[in-house]
Amino acid sequence: AVSFFWFRRDLRLQDNIGLFHALQSKYPVIPLFIFDDAILDSLPKNDARVGFIHDSLAQINIALHKSGSSLLVKKGKTQDIWQELITQFDVKEVFFNKDYEPYAILRDESICQIFENNNTISFSFKDQVIFEEKEITKEDGLPYTVYTPYKNKWLAAYNKETVLEYDTTIYYSNFFKSHFPFPSLEQIGFVESKIKVKPYSFKGITTYQDTRDFPAVDATSYLSPHLRFGTVSIREMVGFAAQNNAVFLSELIWREFFMQILYHFPKVMTQNFKSAYDGIQWRNNEEDFKRWCSGTTGYPMVDAGMRQLNETGYMHNRVRMVVASFLCKHLLIQWQWGEAYFAEKLLDYDLSANVGNWQWAAGTGCDAAPYFRVFNPDIQLKKFDEKGQYIRKWIPEFDLGYGKPMVDHAMARDRAIATYKAGILK
Ligand code: FAD
């Protein structure tokens, strides 16, 4: 008889709550990862995120070898894989950490049904966030839809002393002894990408509040893909933030804010949070969209951002706000197009953060920027990249006569405000 620990978006051995509990099971524990066809089938073969997952699993596997164990890696339809495992092994218990995305919730429900039919007991844990689901709500139990009161309640509820580190190392001897073969990236059907996830860094943490908005300054943490795939523990990161920088901590709270929005309002994945905005007549011009994607709009800040995204899978947050506003307001293209493009390219792509921020930029979301606020990309450039260091890095051909803006700012601004005004249902 065995137990399983199922890795998903928590790709680390240390401070992993589900694994911590799994290793205390009566039965030896097989650590498992499934490359899920339902997710992988739609991705290009050189997707950098699959490469990052593969690298992270390889590290876990090396660490497991030290305890005579190894990671079981499978690829296929998750339901079929579990059916197969349950036939192959006498599976008594399965442990995993919760995932709050709508697809994952449905998948886990159907997998738990398989466990139940087999008399396998399953246990799920909160590991990805400090506060989940309904833990931070208004006094009347309803979810917050505005960030600041959510953040205040979050901060009041957070107590560093009660958020423990889960030391798994003391239980490593309970891993199932095995030599499962570890598949290469090619065996999973993928190839190495030129794009790589950067290591995270806290070198800018002490001045974060002053420098984080300047894309030429290397001031942010690059934590986002690590939090996305769980190669770091959120408890450790929040503990560090709480001790070192309140502004940085508030960014980590934005992450949880959008996660709980998606959890309570799953329709935001595809639809406006504010349905009053459903009447907006988007232009949705395909040619305009292509110019935005390729970074050839003639606006240096927008073009530099899109080229950074296309070349590295990352874009600085300030610039994300500028390019998103430009797409929705200047070009009047619905946010879903931009959201889908980011989803394809971002190494840190996370459904809740991406739709939350896109809807914020479009003005259709909860706690949105007001619709009549239209960023001027040239003023943003003057404010945040005065010396042009960021744009020169991504637009080597940049000079003072760079490009011809594809739309005039004043015209586009007036057009956006008029279109929103006419479209918003009273
Ligand atoms: P830091 O400034 O060091 O922030 C630390 C951490 O706080 C981040 O890693 C992230 O986990 C969290 N965080 C910071 N800002 C936000 C925010 N606005 N919303 C939610 N969490 C935040 N972030 C994603 O992780 N995935 C996405 O798909 C994503 N899409 C975005 C789309 C748009 C249009 C915009 C404007 C922002 C988006 N963001 C997204 C938020 C933000 O841009 C990135 O989290 C940040 O740039 C990542 O870099 P960093 O880790 O160096 O950030």
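Reply: A crossing is called left-handed if the near helix is turned anticlockwise from the far one by less than a right angle, and right-handed if clockwise. Helices (H or I, at least four residues) and strands (E, at least two) are DSSP runs, numbered from the N terminus. The model shown is predicted: local features need pLDDT of at least 70, side-chain atom pairs count only at pLDDT 80 or more, and totals for chains, interfaces and linings use all residues. Residues are numbered from 1 along each chain as its sequence is written.

Me: Which hand does the crossing of H14 and H15 have?

Reply: The crossing of H14 and H15 is right-handed. Two packed helices are described by the angle between their axes and the distance between the axes. Axes are lines fitted to C-alpha atoms, for helices over the stretch in contact, and angles run from 0 to 180 degrees between N-to-C directions. Here helix H14 (residues 335–345) packs against H15 at an angle of about 145 degrees, and their axes are 10 Å apart.

Me: Which residues in H14 and H15 meet?

Reply: Two residues are in contact if their C-beta atoms, placed from the backbone, lie within 7 Å. Trp335, Gly338, Glu339, Phe342 and Ala343 in H14 meet Asn354, Val355, Trp358, Gln359, Ala361 and Ala362 in H15. The residues of this contact comprise seven nonpolar, three polar and one charged. In this classification Ala, Val, Leu, Ile, Met, Phe, Trp, Tyr, Cys and Pro count as nonpolar, Asp, Glu, Lys and Arg as charged, and the others, Gly among them, as polar.

Me: Into which domains is the protein chain divided?

Reply: Domain bounds come from an automatic or database domain assignment. The protein chain is divided into domain 1 (1–127), domain 2 (129–163 + 202–264) and domain 3 (269–423). The centres of domain 2 and domain 3, taken over C-alpha atoms, are separated by 24 Å. Their contact takes 16 residues from domain 2 and 18 residues from domain 3. On the side of domain 2 that touches domain 3, H10 gives the most, with five residues.

Me: Which residues come nearest to the ligand?

Reply: A residue is near a molecule if its C-beta atom, placed from the backbone, lies within 6 Å of it. Of the 26 residues around the ligand, Thr220, Ser221, Ser224, Asn354 and Asn357 come nearest. Helix H8 (224–229), helix H10 (246–264), helix H13 (317–330) and helix H15 (351–362) each give two or more residues to this shell. Domain 2 and domain 3 each supply at least three of its residues. By class, the shell has 14 nonpolar, six polar and six charged residues.
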